[in-house]
Amino acid sequence: MGKTTTSASISTGLAKRGHKTVVIDFDVGLRNLDLIMNCERRVVYDFVNVIQGEASLNQALIRDKRVDTLYILPASQTREKEALTREGVEKIINELSETFDYIVCDSPAGIEHGALMALYYADEAVVVTNPEVSSVRDSDRILGILQSKSRRAEMGQDPVKEHLLLTRYNPARVEKGEMLSVGDVEEILAIPLLGVIPESQIVLNASNQGLPVILEGESDAGQAYDDAVARLLGEEREHRFMSAQKKGFFSRMFKGG
Amino acid sequence: MSETASSGLQHCFQLKSASVSMTALELYYFDNDEFEDTLRDKISQAPGFFKDIPLIISLEKYEGLSSELDFFKIIGTCRRHNIHVIGVRGGNDDQRRLARGAALALLPGGGQRDRQVDPAEDTAETSEPAAAAPEAPTEPTPARIISQPVRSGQQVYAPEGDLIILAPVQAGAEVLAAGNIHVYGPLRGRALAGIHGAQSARVFCQSLEAELVSIAGHYKISEDLQDNGWKTAVQIQLRDDLLVVTPLEKA
């Protein structure tokens, strides 16, 4: 759906702007983030090792080779996901927040334990949605959980700030009525739009090569992620890549309209 | 809050007068099988809302033989469906003796009218004479007001009064109220008004896209709502046991 791709790009984007950033993989048992960040061969200790006191944070954190203000805390592939305890996660997040500007938590799919742990301590949430009804419905569910089960909700503090990020957006298919439009999704979910990432082969290629898409600065998807990060930091940027490429005069002539 | 001057001792409890709105089961006659069938049917119309509610058995309209009244069976059947019978209202001496034998509380009968007596008329006055607690002022129950979207998987419940939602009710969400439900936004989920049987309850929304609308147990599902007022501002009310959808502009 694009959560891990998005976590990789947003954390890379934040780090590239000079903010000291760490991205944590909460998908215990599956472990995708380190593949997308191309550091899977450098994993020695993981998130669960740190929670269980078998390693220190400094031993487990992996420094990114491309952006030196970026660190990755990989998930464990061999442990049970129940190994993530609320106290353990809290301790790590508190420790990280002493030295890092931004902590990006990459949530697994669904509304199970791992996802609940990933969102519990959140101040802001980027909800990644595809333009289809079932995905939007799931996002609505997660938004409900964010506003009722997060620490901010339980403590009665200001609610978690919500952002909508629409991925795999294909304007041509929207025009044909095969996909929900940005407007439809915004209207249903009723939260502010952070960005729209166009569907693109680049995204697939980049994750296969272990390269966060945002570093593909020439591509639509890379630029769209860069815009999203800028907006996350409070910059105003116009939304792009939301309409289909205008057909040239000749191609329209030859296709008969 | 304030320490009473009468004694410096803190007692382990204090008695207060409380006025609680409750569901009454108005029994006309009693047949064990029929009772359970009807109960099951009612529960299936609004599952979840009957769970663990207190119930009083009203005997004011009971026409069967007193000897047929088996409170132990009634209590047992209700408990199997997670409903707690706590007392009876009205009834003659024999019936009340039977109820006491089943360890039920006895409430005075003769409450002038219950809310659902006049369903068709617009009764602006919802306050009813409080028979049990005469000292309680008859103030309307305050409405519950929600300003955040009610999202899929969430449930919002106004057990006594109206429910007012200033945001969308999303598909997969459920909103319930003893009184009316107002949704100042699209209603995409399920809305159940009058869940304690108030037939005069209504549902108002700015865009009807609901999965289900129910008033006092009478309901319509999305499929049956599509033909009339779909995706427009409407109100829904009960007329002759049928849900009627009418547009809100120039009502």
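User: Which residue of chain B forms a salt bridge with Asp140(A)?

Analyst: This is a predicted model, in which local features need pLDDT of at least 70, side-chain atom pairs count only at pLDDT 80 or more, and totals for chains, interfaces and linings use all residues. Residues are numbered from 1 along each chain as its sequence is written, chains are lettered from A and ligands numbered from 1 in the order in which they are written, and side-chain values use heavy atoms, with hydrogens and water left out. A salt bridge requires a side-chain nitrogen of Lys or Arg within 4 Å of a carboxyl oxygen of Asp or Glu. With its closest N and O atoms 2.9 Å apart, the partner of Asp140(A) is Arg151(B).

User: How many salt bridges are there between chain B and chain A?

Analyst: The contact (heavy atoms within 4.5 Å) takes 12 residues from chain A and 11 residues from chain B. Between the two chains, the number of salt bridges is three.

User: Which three residues supply 53% of the area that chain B buries against chain A?

Analyst: Buried area is the accessible area (1.4 Å probe) that two parts lose on being put together, summed over both. Chain B and chain A bury about 870 Å² between them, with 41% of it on carbon and sulfur atoms. On the side of chain B, the 53% share, more than any other three residues supply, comes from Arg151(B), Ser152(B) and Arg188(B).

User: Which residue has its backbone nitrogen 2.8 Å from a polar atom of the side chain of Asn180(B)?

Analyst: Asn180(B) lies in the loop between strand 8 (174-177) and strand 9 (181-187) of chain B, strands being DSSP runs (E, at least two residues) and helices likewise (H or I, at least four), numbered from the N terminus. Leaving aside neighbours within four places in sequence, the contacts of Asn180(B) include Asp162(B), Leu163(B) and Phe204(B). The backbone nitrogen at 2.8 Å belongs to Arg202(B).

User: At roughly what angle do the axes of helix 7 and helix 10 of chain A cross?

Analyst: Axes are lines fitted to C-alpha atoms, for helices over the stretch in contact, and angles run from 0 to 180 degrees between N-to-C directions. In helix 7, Val136(A), Ser139(A), Asp140(A) and Leu143(A) meet Val185(A), Ile188(A) and Leu189(A) of helix 10. The axes of helix 7 (residues 133-149) and helix 10 (residues 182-189) of chain A come within 10 Å, and the crossing angle is roughly 30°.

Methods:
A polar contact is a pair of N or O atoms within 3.5 Å; within protein, one must be able to donate a hydrogen and the other to accept it, and residues adjacent in sequence count only if both atoms are side-chain atoms.
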